[in-house]
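Let's take a look at a protein together, starting with its ring-shaped side chains and then moving on to its pockets. Have the picture ready as you read.

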Amino acid sequence: MLADYPVIALDYDGTLCAIRCGWESKMREFFLSKLQPKSENRLLLTEVENFIAGCAGTSPSYQMNFLRRCLVKERKILNSNEGLILPSPQSLLEEYLQFTQNWVDERLANNPQEWLMDGAIELLESLKSTGKKLYLVTGSPREQVLKEL
C-alpha cells in the first residue's frame, strides 16, 4: 500500500508525541491572564471558551489575533482605557510561545520518552526502511518541535 505513495507525511502532535496534550488548558490560562480580572462579561468569556474548543490546528498567530480582538472588546465593554496600551498580536504571540515553551520544557525535563506515543519509534523505523521521504506535519512552531526532536 505504501508503494503507491512517493512520500509519507505524519502528524506530530497526538500521532507521534503527546507533549502538548492539555494545551487547551494552557491556552485558557494564558488568555485569562491577559483579560482584566474584573471583567465579568460572561459573553466574552464564553466566546473565549468556544474559540479554544474549536481552534485546534490553527496557527498561533491566528490565535493571538483572536486574543487581541477580545482585549479590544473587553475595553469597550468596560468602557475603559485606563491609559494602557493594548499589546500587539505579535507581542502576544512572542509571549505565548515562550509561555508554552516553558510548559513543554518542564514536561521534557522529567522523562522525554514518556511523551512519545506507543509504537512511535517502531513506526518511524518501519517507514524509514521503505526508503521514502518522511515529512512531519504540525501546527506547533517549528523551533519548538525541533528542540523536542
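How many aromatic pairs does a search of the whole structure find? The search turns up 6 of them. Keep in mind that this is a predicted model.

## Two rings face to face

Let's start with Phe-31 and Phe-51, an aromatic pair that counts as stacked. Their ring centres sit 6.3 Å apart, and the angle between the planes is 20°. Why "stacked"? Because planes under 30 degrees apart get that label, and this pair has 20°.

The two partners come from distant parts of the chain, 20 residues apart. Phe-31 belongs to helix α1 (residues 23-34), while Phe-51 belongs to helix α2 (residues 42-54). Are these two buried or exposed? Phe-31 has a relative accessible area of 0%, so it is buried. Phe-51 is buried as well, with a value of 11%.

Tyr-62 has a relative accessible area of 42%, so it counts as partly exposed.

## The largest pocket

The largest pocket has a volume of about 430 Å³, and 27 residues line it. Which of them lie nearest its centre? Those are Asp-13, Arg-20, Trp-23, Gly-139 and Ser-140.

The largest share, 5 residues, comes from α4. Sorted by type, the lining of the largest pocket has 14 nonpolar, 9 polar and 4 charged residues.

## The second largest pocket

The second largest pocket holds about 350 Å³ of space. Its lining counts 19 residues, with Tyr-12, Leu-116, Leu-124, Glu-148 and Leu-149 nearest the centre.

Where does this lining come from? At least two residues each are supplied by α5 (120-128), β2 (133-137) and α6 (142-148). As for type, the lining of the second largest pocket splits into 16 nonpolar residues, 1 polar and 2 charged.

Methods: Residues numbered from 1 in each chain as written. Predicted model: local features only at pLDDT ≥ 70, side-chain atom pairs only at ≥ 80, totals over all residues. Heavy atoms only, no water. Phe/Tyr/Trp six-rings, centres within 6.5 Å; stacked < 30°, edge-to-face > 60°. Helix = DSSP H or I, 4+ residues; strand = E, 2+ residues; numbered from the N terminus. Buried < 20%, exposed > 50% of the residue type's maximum accessible area, 1.4 Å probe, protein only. 1 Å grid on protein atoms, 1.4 Å probe; cavity = no way out; pocket = protein on both sides within 12 Å on 5 of 7 lines; lining within 4 Å. Points joined across faces, edges and corners; volume = space filled by probe spheres on them. Nonpolar A, V, L, I, M, F, W, Y, C, P; charged D, E, K, R; others polar.
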